[in-house]
Amino acid sequence: MRTIALLVFSIVALTGAAVRTAAANDRPAQTICPVTGKKLSSVSSPVEVQSNGFRFLVAAAASRDKALNEPAKAFSALARNKEAAEPVSRVCPIMGNRVNPALYVEKDGYRVYMCCRGCTKPIQNNWGKVLQKLSDQAE
């Protein structure tokens with residue numbers, strides 16, 4: 001058991017990506033606006049933003065415009081806050097099957113769902129291509 005835990009830790013440390021398994025309703029909801037830093041719970045109506053095939057929430061319409069103009073900053077802020085944007089597509093970028101909402105890889109402010117654990121390494125090893133594929137699927 002200790003060997004498996006050490007192996008998982010080593011993979012995460014080397015790739016910078018975290019593979020998570022959680023029940024769909026156990027995933028924490030986004031709590032902080034990546035543009036303003038405000039707690040979304042203090043905002044009456046958070047606004048959804050869709051950018052590059054992913055969606056996340058911001059505090060107001062003005063924040064939406066900023067996030068759309070500078071999406072890289074928004075995704076970086078999500079990563080700093082230990083939160084992630086959700087993909088618009090619900091299709092595994094590797095196998096093309098319906099995703100399992102309990103399996104995902106999280107990195108750089110993005111969360112990528114997969115259909116099975118077998119897709120973990122291909123997603124991690126082809127991160128840029130996977131993000132581009134999800135972006136293309138959303139268009």
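Phe54 is buried, and Tyr110 is buried too; here "buried" means under 20% relative accessible area, with exposed being over 50% and partly exposed in between (1.4 Å probe, protein chains only). This is a predicted model, so local features need pLDDT of at least 70, side-chain atom pairs count only at pLDDT 80 or more, and totals for chains, interfaces and linings use all residues. Residues are numbered from 1 along each chain as its sequence is written, and side-chain values use heavy atoms, with hydrogens and water left out.

Now for the rings. The structure holds five aromatic pairs, a pair being rings of Phe, Tyr and Trp (its six-membered ring) with centres within 6.5 Å; planes under 30 degrees apart count as stacked, over 60 as edge-to-face and the rest as tilted. With ring centres 4.8 Å apart and planes at 75°, Phe54 and Tyr110 make an edge-to-face pair. This pair links distant parts of the chain, as Phe54 sits in strand E3 (residues 54-58) and Tyr110 in strand E6 (residues 110-114), 56 residues apart. Helices (H or I, at least four residues) and strands (E, at least two) are DSSP runs, numbered from the N terminus.

Tyr110 also pairs with Phe75, this time stacked: 4.2 Å centre to centre, with 20° between the planes. Phe75 lies in helix H3 (residues 71-80) and Tyr110 in strand E6, so this pair ties together parts that are 35 residues apart in sequence. Phe75 counts as buried at 2% relative accessibility, and Tyr110 counts as buried at 13%. Put together, Phe54, Phe56, Phe75 and Tyr110 form one aromatic cluster.

What about strand E3 itself? Its covered face has Phe54, Phe56 and Val58, while Arg55 and Leu57 are on the uncovered one. In a regular strand the side chains alternate between the two faces of the sheet. Strand E2 (residues 47-51) runs antiparallel to E3 and is joined to it by five bridges; two strands pair if DSSP finds at least two bridges between them. Val47 stands opposite Val58 in E3. The hairpin of E2 and E3 has two residues between the strands, and Asn52 takes a positive phi near 55° there. Next, two bridges join E3 to E4, again antiparallel, with Phe54 opposite Pro87 in E4.

The buried residues of H5 are Trp127, Val130, Leu131, Leu134 and Ser135. They cover an arc of only 135° around the axis, which puts them on the same side of H5; the arc is that of the directions from the helix axis to the C-beta atoms. These buried residues pack against E3, strand E4 (86-87), strand E5 (100-107), E6 and helix H4 (120-125), where contact means heavy atoms within 4.5 Å.
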